[in-house]
Amino acid sequence: QVQLQESGGGVVQSGGSLRIACAASGTIFNVDDMAWYRQAPGQQRELVASVTRRGNLRYADSVKGRFTISRNNAEHTVSLQMDMLKPEDTAVYSCYAQIRSEWHGERRDYWGQGTQVTVSP
């Protein structure tokens, strides 16, 4: 079995910074894409940032220049450094990963439980 566990999250003032992290554990052969999604109350879940195994990065337009995603392949972790936070960044942030548990296995999608990020005015 594979599990994603987020850490971090919390309450921060507008303009402040926060770092959240996610670690994959269990039976892992290979981790492909990793990403952070977020969902605010009454809003649709959106992709915030993603990183491929080879390090290709994508960001939502709303967070470009403020957020930085990074990963450590050896540790099966992904982090999101959030700077210059705005109240509209308030949401539950969830970790996502595509993982194969054996070399001949299929990619499977995994989600963390999510961590709350609240940005106060």
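**Ground rules**

I am working with a predicted model, in which local features need pLDDT of at least 70 and side-chain atom pairs count only at pLDDT 80 or more, while totals for chains, interfaces and linings use all residues. I number residues from 1 along each chain as its sequence is written, and my side-chain values use heavy atoms, with hydrogens and water left out.

**Entry 1: salt bridges**

I took a salt bridge to be a side-chain nitrogen of Lys or Arg within 4 Å of a carboxyl oxygen of Asp or Glu. Side chains of opposite charge can pair when their charged atoms come close. By this rule I count six salt bridges, and I went through several of them in turn.

For burial I use relative accessible area with a 1.4 Å probe and protein chains only: buried is under 20%, exposed is over 50%, and partly exposed is in between. On that scale Asp-32 is buried at 12%, whereas Arg-100 is partly exposed at 23%.

I next looked up Arg-38, which forms a salt bridge with Asp-89, the closest N and O atoms being 3.0 Å apart. This pair also links distant parts of the chain, with Arg-38 in strand β4 and Asp-89 in the loop between β8 (77-82) and β9, 51 residues apart. Arg-38 counts as buried at 6% relative accessibility, and Asp-89 is buried at 1%.

Asp-89 also meets Arg-66 in a salt bridge, at 2.7 Å from N to O. Here I placed Arg-66 in the loop between β6 (57-59) and β7 (67-72), which is 23 residues from Asp-89 in its loop between β8 and β9. Arg-66 and Asp-89 are both buried. Through shared partners, salt bridges join Arg-38, Glu-46, Arg-66 and Asp-89 into one network.

**Entry 2: the disulfide**

How many disulfides does a search of the whole structure find? I found one, taking a disulfide as a pair of cysteine sulfur atoms within 2.5 Å. The disulfide joins Cys-22 to Cys-95, with an S to S distance of 2.1 Å. The torsion about the S-S bond of Cys-22 and Cys-95 is about -80°, so I noted the disulfide as left-handed. Cys-22 sits in strand β3 (residues 18-26) and Cys-95 in strand β9, so far as the chain is concerned a link between distant parts, 73 residues apart. I also checked burial, and Cys-22 is buried at 1% relative accessible area, while Cys-95 is buried at 0%.

**Entry 3: aromatic rings**

I paired rings of Phe, Tyr and Trp (its six-membered ring) when their centres lie within 6.5 Å, calling planes under 30 degrees apart stacked, over 60 edge-to-face and the rest tilted. By this rule the count comes to three aromatic pairs. In one of them, Tyr-37 and Tyr-96 have ring centres 5.9 Å apart and planes at 75°, so the pair is edge-to-face.

Trp-111 lies in strand β10 (residues 108-111), 15 residues from Tyr-96, and counts as partly exposed at 36%. I recorded Tyr-37, Tyr-96 and Trp-111 as one aromatic cluster.

I then asked which residue lies over the face of Trp-111. That residue is Arg-45, at 4.8 Å from the ring centre, where the rule asks for NZ of Lys or CZ of Arg within 6 Å of the ring centre and within 35 degrees of the ring normal.

**Entry 4: two single residues**

I looked up Ser-50, which lies in strand β5 (residues 46-51) and is buried at 14%. Taking contact as heavy atoms within 4.5 Å, and leaving aside neighbours within four places in sequence, I found Ser-50 in contact with residues including Met-34, Asn-56 and Ile-69.

Pro-41 is in the loop between β4 and β5 and counts as exposed at 74% relative accessibility.

Conventions
Helix = DSSP H or I, 4+ residues; strand = E, 2+ residues; numbered from the N terminus.
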